[in-house]
Amino acid sequence: MSKIRQERTADHMQIILSELFLHAVSDPRLAGVTITQVLLDRELLHANVYVNALGDETREAEVMAGLESAGGFLRREVAQRLDLRAAPILRFHWDPSLRYADEVNALLDRLDIQPETPAPAAPASSDEEE
């Protein structure tokens, strides 16, 4: 399988899953879930799907339980819409990258960096004028 097709299929799968969460999934545990990344293996049989609940880290267990129960439905819908020979097995993972970004921003906000003061200009020497 070409790397380009693999990436294109993963991107398409991310769009399909996002649309399914918006319009087809009625489980309240999955409200506000965002697909942050989809990684497919070379044979397009296994997909690692990274999700987050838009900065609400307290919902991790709830969201993962909802994904576990909706996994079969999501797999069937993705396979139908992608028109693949075999339906990829979806493995959902919590994506901590949003939490890490918040921590980095908090660290940067706490830094107390003073602006650099410009060095005083040196007086012109008499050698330059001659």
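Student: How are helix 1 and helix 2 oriented to each other?
Tutor: Helix 1 and helix 2 pack at an angle of about 125°, with 10 Å between their axes; axes are lines fitted to C-alpha atoms, for helices over the stretch in contact, and angles run from 0 to 180 degrees between N-to-C directions. Angles under 35 degrees count as roughly parallel, over 145 as roughly antiparallel, 65 to 115 as roughly perpendicular, and the rest as oblique. The orientation of helix 1 and helix 2 is therefore oblique.

Student: From which number are the residues counted?
Tutor: This is a predicted model, in which local features need pLDDT of at least 70, side-chain atom pairs count only at pLDDT 80 or more, and totals for chains, interfaces and linings use all residues. Side-chain values use heavy atoms, with hydrogens and water left out, and along each chain, as its sequence is written, residues are numbered from 1.

Student: What is the handedness of the crossing of helix 1 and helix 2?
Tutor: A crossing is left-handed if the near helix is turned anticlockwise from the far one by less than a right angle, and right-handed if clockwise. For helix 1 and helix 2, the crossing is right-handed.

Student: In what order do the elements of the protein chain run?
Tutor: Helices (H or I, at least four residues) and strands (E, at least two) are DSSP runs, numbered from the N terminus. The protein chain has four helices and three strands. Read from the N terminus on, the order is α-β-β-α-β-α-α.

Student: Which strands are the edge strands of the sheet?
Tutor: The three strands form an open sheet of mixed pairing, in the order 1-2-3; two strands pair if DSSP finds at least two bridges between them. An edge strand here pairs on one side only, and this applies to strand 1 (34-40) and strand 3 (89-94).

Student: By how much are neighbouring strands turned against each other on average?
Tutor: The value is an average over the neighbouring strands of this sheet, with direction ignored. The turn is 25°.

Student: In strand 2, which residue is the bridge partner of Val38?
Tutor: Strand 1 and strand 2 (residues 46-52) pair in the antiparallel sense over six bridges. One partner pair is Leu39 with Asn48. The partner of Val38 is Val49.

Student: Which strands does helix 2 touch?
Tutor: Helix 1 (residues 3-23) packs on the sheet and touches strand 1, strand 2 and strand 3, its direction making about 150° with that of strand 1. Helix 2 (residues 60-82) also packs on the sheet, at about 165° to the direction of strand 3. The strands that helix 2 touches are strand 2 and strand 3.

Student: Is Thr9 buried or exposed?
Tutor: Thr9 lies in helix 1 and touches Leu40, Leu44 and Leu82, leaving aside residues up to four places away in sequence; contact means heavy atoms within 4.5 Å. Buried means under 20% relative accessible area, exposed over 50%, and partly exposed in between (1.4 Å probe, protein chains only). Because its relative accessible area is 9%, Thr9 is buried.

Student: What is the phi of Leu44?
Tutor: Most residues other than glycine have a negative phi. Leu44 lies in the loop between strand 1 and strand 2, and at 5% relative accessibility it counts as buried. Those two strands form a hairpin with five residues between them. Leu44 is not a glycine, yet its phi is positive, about 60°.

Student: Is Asp83 buried or exposed?
Tutor: Asp83 lies in the loop between helix 2 and strand 3, and its phi is near 55°, a positive value in a residue other than glycine. With a relative accessible area of 69%, Asp83 is exposed.

Student: In strand 3, which residue is the bridge partner of Tyr50?
Tutor: Strand 2 and strand 3 pair in the parallel sense over six bridges. The partner of Tyr50 in strand 3 is His93.

Student: Which residues form the covered face of strand 3?
Tutor: In a regular strand the side chains alternate between the two faces of the sheet. The uncovered face of strand 3 has Ile89, Arg91 and His93, and the covered face has Leu90, Phe92 and Trp94.

Student: What distance separates the C-alpha atoms of Pro96 and Tyr50?
Tutor: Pro96 lies in the loop between strand 3 and helix 3 (97-110) and, at 23% relative accessibility, counts as partly exposed. Pro96 and Tyr50 are 46 residues apart along the chain, and their C-alpha atoms are separated by 9.1 Å.
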